[in-house]
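Work through each task before reading its solution.

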Amino acid sequence: MSRDEIAAPETSAFLQRLKAPLEQAVSIWITDAKGRVRAGSQPWDPNVTIDEREWFQAQRGRDAGTYISAPFQGKATGKPSFAVSRRRSTPDGHFDGIIHVALSPEYFTRFFQEAAPPGPHAAVLIRQDGSILAGSPAQAASSRLGPDNILMRSIAIQPDGGVLSGISSIDQRERYFAYRHVGAYPVYVAFGIDAAVVLRHWYRNLAVYGAVAGLSALVLWLVSWLALRRAQAEQEALIQLRHASEQRHATEQRLLQAQKMESIGQLTGGIAHDFNNLLAVILGNLDLLRKRIKDDDRAKRLLEGALQGAERGAALTQRLLAFSRRQDLTPQAVDVAQLVAGMTDLLARALGPSIEIVTQLPTGLPPVKVDPNQLEMALLNLAVNARDAMPASGRITISAHQDDLAEGNGRGLQPGAYVCVSVSDTGMGMDAATLARAIEPFFTTKGVGKGTGLGLSMIHGLAVQSGGTLTLRSGTGKGTTAEIWLPQGEVVRGSGVRDEQARPEHRTCTVLLVEDDPLVMTGTTAMLEDLGHTVVEASSAEAALRILRQGMSIDLIITDHAMPGMTGLELAERIRAEWPTLPILLATGHAELPERAGLGVPRLAKPFRSADLEHAIASIVGSACEPVNIVPFRKL
């Protein structure tokens, strides 16, 4: 704006409107290069200049940016003020006056008084050179803090802000102070509370203790004892706090480990399922081939070797499924003492004469709910691991005890009744790093070819899938203890003996085989035809439904579960809705399948051999199948 535009009445009216709502502003002014007022928020004497004012002279010599002055008495307003000024310059950079706002120290004094807590206090707004701009209690206009003042010394050391205590140079009161640099301005705000206010409670306690101390030495001893108890309580609180922090950290680590193991388990289960399909093809074809080799001894030996290798592969996939908690389990009430007694001879043969076996199984121990075959395999694995940790000789102790676990038991188990079956050895033990990785799949400290690294992970998967857990305790040179925690089962009332080897009565059926994998389809078809059945093939659930709706006579449906489009269980649900009496057999490597209300579909675990398939069919159809003359469909 030109000088004439600034001197126009409209400019002063604008400044008056600008200042009106601002309680902290006393006045707003625009001056020329000689210090004469050209516009203002209120009337002024045209003959009065401010060229001698500090904030004017500071801008005239150079551009001082936003300059904050010391307190002064306004010429036009007659009120105590301090100014915030900015330089006005011509386009070529020459001094052309200033714009300044006169601020009210009283406003800041009232603000400090309203914001402060009850009780004696001190608050100041000061320039960097120590000039007091405003304060509570109100300060004289010429008040200034010297460089030796404790606040100014602290500002020189810590210019951004800080906390200090000392004697105020203004009223000689001891206070605790905190101060802060205000934005980018050379201004600080400081607030102090009297030490008496802070220490009043402490003084009150001290007066009480002094009065009590005068009563007698006995009362003095009592006070000391109370103080000691308080210190002990604080120490115990600190210990509990540290313990809670450690527990939280340990819980976080267990959660991370559980998440990692769950991810590995999902990957392992998927791989094992695919291997099951491959092994189903291999075992089925080898089983059929064995029936057709009669007189060639060398071919028989080669075939038996291939079968043994395939069976070892099947056992490996079962361990993988056990780790991933997707194995097919048959949980039942198991008497641990009876199971261990029944495998004593097996353990003695497997461990050798140099290993002493001790059992500590109390009478009246409740049964556990678990698959007995898998528990027996788990105990055997633990015993073999213990033997390998004692290369010369040692002792293995198999024990068990009952325990009722409450909420937050530290083992991640639901509250309830459990039985802990433990296997301890006197071997070399494991260090902390090895113990932390012991249940990871394929981790082993044994030599090449001496272990798959799946034993402990399989046992852990069995325990978790059965509703329990596996815990390990070990130390270098202190042996190892493995604890299998399993939920209690119902008391065993009696057991029937089932002849697993009894060959079923042979029936000839028309079987609808539903399988999306061509290799598995070919192998299963060959086994069924070898058993004398007629096979109708469908490569999907939709194709199977089309065949059934064409009215073909079908005695039995054998279906895979994991198929694109429609799963085996979904197919079974559709078939039961339209043909309720049609027998269905689900052949799958999956153990954890979604529940389908009222289906109750029998299952045949992959990989299976011809005898397994024959038993499964006989257990389902009984005498329902009769010879049927039908031309089999192929690859529908």
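**Exercise 1.** Is the crossing of α15 and α16 left-handed or right-handed?

*Solution.* The model is predicted, so that local features need pLDDT of at least 70 and side-chain atom pairs count only at pLDDT 80 or more, whereas totals for chains, interfaces and linings use all residues. Residues are numbered from 1 along each chain as its sequence is written, and side-chain values use heavy atoms, with hydrogens and water left out. Helices are DSSP runs of H or I with at least four residues, numbered from the N terminus. Helix α15 (residues 541-549) packs against helix α16 (residues 568-578) at an angle of about 15°, and their axes are 10 Å apart. That angle makes α15 roughly parallel to α16, a label given to angles under 35 degrees. Finally, the crossing of α15 and α16 is right-handed, a term for a near helix turned clockwise from the far one by less than a right angle.

**Exercise 2.** At what angle do the axes of helix α10 and helix α11 cross?

*Solution.* The axes of α10 (residues 344-351) and α11 (residues 372-388) come within 10 Å and cross at roughly 30°. This makes α10 roughly parallel to α11, and α10 passes α11 in a right-handed crossing.

**Exercise 3.** Does Leu218 count as buried or exposed?

*Solution.* Begin with its place in the chain: Leu218 lies in helix α7 (residues 217-292). Because its relative accessibility is 61%, Leu218 counts as exposed, a class that requires over 50% relative accessible area with a 1.4 Å probe and protein chains only.

Notes: Helices (H or I, at least four residues) and strands (E, at least two) are DSSP runs, numbered from the N terminus. Buried means under 20% relative accessible area, exposed over 50%, partly exposed in between (1.4 Å probe, protein chains only). Axes are lines fitted to C-alpha atoms, for helices over the stretch in contact, and angles run from 0 to 180 degrees between N-to-C directions. Angles under 35 degrees count as roughly parallel, over 145 as roughly antiparallel, 65 to 115 as roughly perpendicular and the rest as oblique.
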